[in-house]
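Hi there,

Here is the structure I promised to pass on. Please open it first, and my notes on what turned up follow below.

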Amino acid sequence: MARRKKVYEGKAKILYEGPEPGTLVQYFKDDSSSSVAVPSTLEGKGVLNNRLSEFFMSGLNQIGVPTHFIRRLNMREQLVRMAEIIPLEIVVRNFAAGPLSARLGIPEGTQLPRPIVEYYFKDEKLNLPLVAEEHIVAFGWANQQDLDDIVALALRVNDFLSGVMMGVGIRLADFRIEVGRIWEGDFMRLIVADEISPDSCRLWDMRQPERPDGTIPDPQPMGDVYTELARRLGVLPSNVTHTMKPTLIN
């Protein structure tokens with residue numbers, strides 16, 4: 001294979017120059033991107049995340065939500081559109097958990113009155129601080145129209161993902177996405193970029209066994225979430241399994 005130019009390497013993915021102008025090859029590693037203490041490497045995770053992200057991105061494309069995904073190339077790589085990434089992680093929360101419960105004292109598992117969209121400045125050295133719209137506009141990361149479009153995009157992704165997860169017995173507590181800008185001539189639009197996988201979602205299993213008294217316990221975090229989610233969605237490669245139990249979104 002010809003040597004490829006590396007464009008970027010993060011915790012869980014590597015980006016290489018694509019075969020055509022305006023494209024990149026996104027390679028999924030087995031390393032964990034969770035901020036919670038989990039095994040640093042999960043054998044087979046990259047293969048599963050490649051398949052899962054393909055599933056979700058393709059589904060979004062089909063319902064008219066634009067993404068950077070073009071097609072899967074092999075077990076660990078997919079071809080994506082090059083985009084200017086807005087330096088924010090956009091988090092949509094449907095249930096109280098993690099940082100929201102810690103900040104506001106809301107019991108974990110409480111359903112929120114409506115989905116809440118939060119912004120985190122994408123800087124690992126600063127620990128991804130929560131920021132307000134005023135910060136985003138003042139520092140030029142995005143303008144007000146961009147933010148309106150980002151919220152609309154994030155809520156459409158939430159509707160899609162929540163429905164898909166509910167259909168296989170999983171509750172989508174929260175998730176994060178990244179958004180990028182692409183240009184088509186003089187026209188700019190925003191698209192969903194990066195990935196959608198268990199690395200970026202907090203998922204609770206609704207298929208809990210009954211208690212001795214006949215009641216069903218509240219949904220619990222899924223064990224071996226990569227394999228189990230791929231199995232339920234029907235995208236599990238037959239030659240990839242692992243038994244790790246990673247924790248999800250920060």
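In which helix is the place of valine 164? Valine 164 sits in helix α4. Before more of that, two words on the source. This is a predicted model, where local features need pLDDT of at least 70, side-chain atom pairs count only at pLDDT 80 or more, and totals for chains, interfaces and linings use all residues. Residues are numbered from 1 along each chain as its sequence is written, and side-chain values use heavy atoms, with hydrogens and water left out. Helices (H or I, at least four residues) and strands (E, at least two) are DSSP runs, numbered from the N terminus.

Leaving aside residues up to four places away in sequence, valine 164 touches Phe55, Phe56 and Leu233; contact means heavy atoms within 4.5 Å. Leucine 233 is 69 residues from valine 164 along the chain, with 8.7 Å between their C-alpha atoms.

Now the helix pairs. The axes of α1 (residues 45-62) and α4 (residues 144-167) come within 11 Å and cross at roughly 125 degrees. That makes α1 oblique to α4 (under 35 degrees counts as roughly parallel, over 145 as roughly antiparallel, 65 to 115 as roughly perpendicular, and the rest as oblique). Axes are lines fitted to C-alpha atoms, for helices over the stretch in contact, and angles run from 0 to 180 degrees between N-to-C directions. On the α1 side, Phe55, Phe56, Gly59 and Leu60 meet Val157, Phe160, Leu161, Val164 and Met165 of α4. By class, the residues of this α1 and α4 contact are 8 nonpolar, 1 polar and no charged (Ala, Val, Leu, Ile, Met, Phe, Trp, Tyr, Cys and Pro count as nonpolar, Asp, Glu, Lys and Arg as charged, and the others, Gly among them, as polar).

For α1 and α5 (residues 225-233), the axes come within 10 Å and cross at roughly 40 degrees. That makes α1 oblique to α5. Here Lys45, Leu48, Asn49, Leu52, Phe55 and Phe56 in α1 meet Tyr226, Thr227, Leu229, Ala230 and Leu233 in α5. The contact of α1 with α5 has 8 nonpolar, 2 polar and 1 charged residues.

Happy browsing, and do write back with any thoughts!

Best wishes
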